[in-house]
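Colleague: I have a few questions about how the terms are used here. Could you show me the structure and take me through them?

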Amino acid sequence: MTTHKIATLPGDGIGNEVVPVAMDVVNRLGEMHGFTMEWEIQDWGCERYVREGSMMPSDALDQIASSDAIFLGAVGAPGVPDHVSLWGMLIPIRRRFDQYVNLRPAKILRGIPSPLKDDRAQNFDMVVIRENVEGEYSAIGGRLYSGSDNELAIQENVFTRRGVTRVMAYAFELAQKRGNHLTSATKSNGIIHTMPFWDEIFDEMSARHADVTVDQYHIDALVAMFVLDPSRFDVVVASNLFGDILTDLSAAMAGSIGIAPSANINPERIHPSMFEPVHGSAPDIAGKGIANPIGQVWSAVLMLEHLGHPVAAKHLMHSMEEVIASEVRTPDIGGTATTHEVAEALMAQIDA
Ligand code: GGG
């Protein structure tokens with residue numbers, strides 16, 4: 001029996017409600033498919049920040065470095081500045097473990113219509129590959145002359161040839177396994193140093209992957225195309241910020257940000273990869289028992305695939321799709337079910 005050590009970080013808000021649902025269903029799948037999970041649960045997050053002044057202990061990353069995967073819920077809480085919660089936990093994990101690919105699938109699941117009216121939005125299936133450790137998410141910059149009329153803030157973007165090339169290589173390979181179509185998100189008309197560099201590398205990589213049909217759009221035009229006709233996209237590669245924005249949009253287009261999964265991947269497998277839903281801690285609904293666990297459960301599907309359990313992953317994906325189609329749905333996707341009712345329906349479907 002294979003045992004996987006999973007660093008488990010429910011984090012804040014609804015993270016504490018949806019992570020246990022995913023753990024339970026994965027445990028059940030383990031009994032059926034011959035693996036066990038050692039969930040090593042940490043109480044890192046905003047409550048710890050308020051209590052002790054930091055989101056996680058100073059040796060936190062060393063503590064989880066030998067895990068087989070990291071399973072994260074959500075970070076963020078009212079009263080804690082958003083940049084503290086992101087830079088205090090999520091971003092250090094992505095960077096320390098060189099999780100430079102953030103893979104974010106979005107597709108129409110049976111029974112959840114897209115809120116978009118157009119027919120072309122009712123049947124899309126795409127994956128956004130977001131560059132995850134550099135780009136616009138940089139700590140380089142600063143503020144000066146606070147409180148004066150001359151006050152200013154500077155934020156640097158960092159794009160390296162190595163960083164851009166490797167995430168694009170991953171995206172091209174994924175495109176070759178899917179529909180052989182890759183779209184790049186750019187903004188090289190306005191951002192005149194980093195984005196032309198991004199485009200040049202995309203052109204070089206395109207020349208080396210002649211079997212892949214490529215296109216590139218400025219991010220403002222691309223978001224409009226997403227909304228007007230998402231069915232034309234297959235794999236989309238984007239910088240850190242553009243990928244973050246595109247994937248909240250693609251999640252909403254697929255019905256709700258509550259269903260969207262993500263995998264923060266270290267493709268070389270030197271370090272653990274991290275699996276987390278796209279959504280945040282949702283303080284407005286935390287504690288009400290109505291959080292949608294599907295984003296977390298779908299992230300568990302990605303984790304099972306990564307850990308080498310494709311049959312269990314398919315089993316879970318199928319069970320999830322059947323539950324949604326059977327109309328056991330939380331309010332964000334038009335239902336009346338509670339988190340607990342979705343969890344029970346998932347367990348029953350897994351056993352069916
Ligand atoms: N599920 C993790 C979470 O809380 N994400 C919220 C968030 O703001 N994420 C920003 C990012 O993915 O960079």
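Colleague: Why is Glu-327 called exposed?

Modeller: This is a predicted model, and its values are computed. Exposed means over 50% relative accessible area. Glu-327 has 59% relative accessibility, so it counts as exposed. Its place is in the loop between α10 (310–325) and α11 (339–351).

Colleague: What makes the phi of Glu-327 worth a remark?

Modeller: Its phi is positive, about 75°, although Glu-327 is not a glycine. Asp-98 is another such case: it is not a glycine, yet its phi is about 45°.

Colleague: Where is Asp-98 found, and is it buried or exposed?

Modeller: Asp-98 is found in the loop between α4 and β4. The cut-off for buried is under 20%. Asp-98 has a relative accessible area of 19%, so it is buried.

Colleague: Why is Met-37 counted as buried?

Modeller: Set the value against the cut-off of under 20%. Met-37 has 10% relative accessibility, so it counts as buried. The residue belongs to strand β2 (residues 35–41).

Colleague: How far apart are Met-37 and Met-23?

Modeller: In sequence, they are 14 residues apart. In space, the distance is 8.7 Å, C-alpha to C-alpha.

Colleague: How do you know that β1 and β2 pair?

Modeller: Pairing needs at least two bridges. β1 and β2 have 7, in the parallel sense. Within this pair, Thr-2 stands opposite Phe-35 in β2.

Colleague: What makes strand β1 mostly covered?

Modeller: Count its buried residues. Strand β1 (residues 2–11) has 10 residues, and 7 of them are buried.

Colleague: Why is strand β5 said to be largely enclosed by the rest of the structure?

Modeller: The strand spans residues 125–131. Of its 7 residues, 6 are buried, so the rest of the structure largely encloses it.

Colleague: Which strands pair with β5, and in which sense?

Modeller: Strand β4 (residues 101–107) pairs with β5 in the antiparallel sense, over 7 bridges. Here Leu-103 has Ile-129 in β5 as its bridge partner. Strand β10 (residues 235–238) pairs with β5 in the parallel sense, over 4 bridges. Here Val-128 has Val-236 in β10 as its bridge partner.

Colleague: Now the ligand. Which residues come nearest?

Modeller: There are 15 residues around the ligand. Val-75, Arg-94, Glu-276, Pro-277 and His-279 come nearest.

Colleague: How much of the ligand does the protein bury?

Modeller: Taken alone, the ligand exposes 360 Å². The protein buries 88% of that. The space taken by the ligand is the second largest pocket.

Colleague: Which elements give two or more residues to the shell around the ligand?

Modeller: They are β3 (69–74), α4 (82–96) and β12 (273–277).

Note on methods. Residues are numbered from 1 along each chain as its sequence is written. This is a predicted model: local features need pLDDT of at least 70, side-chain atom pairs count only at pLDDT 80 or more; totals for chains, interfaces and linings use all residues. Side-chain values use heavy atoms; hydrogens and water are left out. Buried means under 20% relative accessible area, exposed over 50%, partly exposed in between (1.4 Å probe, protein chains only). A residue is near a molecule or strand if one of its heavy atoms lies within 4 Å of it. Accessible areas come from the Shrake-Rupley method with a 1.4 Å probe; for residues, only the protein chains shown count as cover. On a 1 Å grid over the protein atoms alone, a cavity is a set of points where a 1.4 Å probe fits but cannot get out, and a pocket is an open set with protein on both sides within 12 Å along at least five of seven lines; lining residues have an atom within 4 Å of a point. A molecule sits in a cavity or pocket if more than half of its atoms lie within 2 Å of its grid points.
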